Amino acid sequence: MTERRPFRVLSLDGGGMRGTYTATYLDLVAAAFARQRNVAALDIGAAFDLIVGTSTGGIIACALAADVPLKNVVALYRRYGASIFPRVLPSGLGSAIVDLYKRPAALAAGTESLRAALQAQLGQKTMGQIYTERHIALAIPAVEMSQHRAWVFKTPHLPGTNHRDDNYSLVDVCLATSAAPVYRSLAAVNHPAPVASANVQAAPNQLQDETDGFNMFVDGGLWANNPVLVGLVDALDLTKSGQEIEIFCLGTCPMPAGEQISKDATHRGLAEWKFGGEAAALSIDAQQFAFDHVAKKLTRHVDRKCTIIRFPSERVPAALIPYLGLDETRPEAIQALVNQARTDADMTNSKCAYANSDPEAALICALFSSAPPRTEPVSDGSSKTANTAAG
């Protein structure tokens with residue numbers, strides 16, 4: 001009897017422009033395994049049963065589910081980053097006063113830039129279509145503003161689903177999950193047009209022409225910047241007793257955490273908190289540690305083996321610190337993230353030599369060794385496996 005492979009989950013943290021690092025790292029690790037296996041490229045998204053992602057991690061999650069090459073995602077950050085975040089947060093009172101007048105227009109322009117960039121990569125694809133075509137489950141956290149409640153956009157993968165999110169476009173989902181307060185506009189997302197059957201998708205123009213109302217969303221990073229718990233809960237719902245679960249968590253090269261604060265610096269004001277920006281960064285740091293810890297604690301109390309690993313695990317070098325702002329779009333900052341991703345990808349690939357003695361390395365190597373090759377469309381609408389590297 002063939003042993004059933006583990007149920008695999010990819011959990012992608014938020015982090016603004018640092019998504020450049022995430023996309024580059026995954027792309028380079030996969031490329032090394034593709035060369036080793038003598039294929040042109042790997043379909044990283046199809047290596048997972050479920051992908052959860054928040055904010056910039058949600059954008060990467062949708063791209064993986066839609067089989068958008070990660071090189072395209074990195075190019076999106078390079079090309080559109082400065083127009084998505086056209087104004088950095090103010091650093092003092094003078095710039096804050098100017099920002100009061102200029103930020104609203106900058107936020108509006110940034111939203112349109114991001115929408116155009118996402119549209120070019122994701123088109124009109126909806127959550128339901130992605131699940132039907134690719135059989136990859138997606139869970140993308142956001143916050144719904146009318147009730148200040150957590151909202152998770154989901155493909156129809158759970159038993160008993162009511163198909164609430166089937167006809168939301170991936171573009172709108174990405175805008176909702178990444179609508180970080182202060183950094184980006186809120187996301188007004190129209191209710192998609194209902195369809196007669198859960199198995200019938202609305203035409204793309206119906207999604208706009210037949211809407212009835214809208215919801216307002218902000219960034220899911222407010223409650224699940226590290227969405228590992230969302231992934232764990234859905235994985236438990238999707239598996240049965242005895243089936244093994246593996247959750248691979250990937251961050252965005254976060255700023256080295258922690259501060260030494262003197263007693264006379266306790267009364268921080270707006271400027272010291274960078275008008276909200278530093279509070280957001282603090283939340284991101286705290287969530288990554290806390291949610292990983294809670295998720296691992298919970299796995300001890302379920303009736304199946306659950307393994308949670310965070311990769312890569314190397315420390316962020318001090319030289320990278322000036323480039324890790326969520327809205328840092330300077331070309332040299334983007335290049336620094338790409339360079340660090342390459343270094344960390346090389347370290348990950350090197351660890352496979354120790355797979356026999358390193359359990360985490362063994363899991364990562366098994367994941368990429370079993371990822372299917374990417375397919376490319378052919379003229380009759382079907383697909384074929386990409387040419388081998390030798391061919």
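Is Met127 buried or exposed, and what is its relative accessible area? Met127 is buried, with a relative accessible area of 0%; buried means under 20% relative accessible area, exposed over 50%, and partly exposed in between, with a 1.4 Å probe and protein chains only.

The model is predicted: local features need pLDDT of at least 70, side-chain atom pairs count only at pLDDT 80 or more, and totals for chains, interfaces and linings use all residues. Residues are numbered from 1 along each chain as its sequence is written, and side-chain values use heavy atoms, with hydrogens and water left out.

**View 1. Overview of the chain.** The chain has 12 helices and 10 strands, where helices (H or I, at least four residues) and strands (E, at least two) are DSSP runs numbered from the N terminus. Of the 391 residues, 49% are buried. Among contacts with a separation of 6 or more, 78% are between residues 24 or more positions apart; contact means heavy atoms within 4.5 Å. The accessible surface comes to about 18,600 Å², and 55% of this surface belongs to carbon and sulfur atoms. Accessible areas come from the Shrake-Rupley method with a 1.4 Å probe, and for residues only the protein chains shown count as cover.

View 2. Met127 is found in helix α5. The buried residues of this helix are Met127, Gly128, Gln129 and Ile130. Their cover includes α2 (56–65), β3 (137–144), β4 (149–154) and α6 (170–177). Leaving aside neighbours within four places in sequence, Met127 is in contact with residues including Leu138, Phe153, Pro156, Tyr168, Leu170 and Val173. The C-alpha atoms of Met127 and His163 are separated by 9.7 Å, and the two residues are 36 apart along the chain. After α5 comes His135, with a positive phi near 55 degrees.

**View 3. Salt bridge between Asp43 and Arg134.** The closest N and O atoms of Asp43 and Arg134 are 2.6 Å apart; a salt bridge is a side-chain nitrogen of Lys or Arg within 4 Å of a carboxyl oxygen of Asp or Glu. The pair links distant parts of the chain, with Asp43 in the loop between α1 and β2 and Arg134 in helix α5 (residues 127–134), 91 residues apart. Asp43 is buried, at a relative accessible area of 5%.

**View 4. Salt bridge between Asp49 and Arg5.** In this pair the closest N and O atoms are 3.1 Å apart. Asp49 is partly exposed, with a relative accessible area of 22%, and Arg5 is partly exposed at 36%.

**View 5. Salt bridge between Arg304 and Asp303.** The side chains of Arg304 and Asp303 meet at 2.8 Å, N to O. Arg304 counts as buried at 14% relative accessibility, whereas Asp303 is partly exposed, with a relative accessible area of 45%. Elsewhere, salt bridges that share partners join Asp13, Asp292 and Arg310 into one network. A search of the whole structure finds 15 salt bridges.

**View 6. Nonpolar surface patch.** Ile97, Leu100 and Tyr101 form a nonpolar patch on the surface, with about 400 Å² of accessible area together. Patches are made of residues with over 30% relative accessible area and no salt bridge; like charges are joined within 9 Å, and nonpolar side chains (Val, Leu, Ile, Met, Phe, Trp, Tyr) within 5 Å. Leu100 is in helix α4 (residues 93–122) and counts as exposed at 66% relative accessibility.
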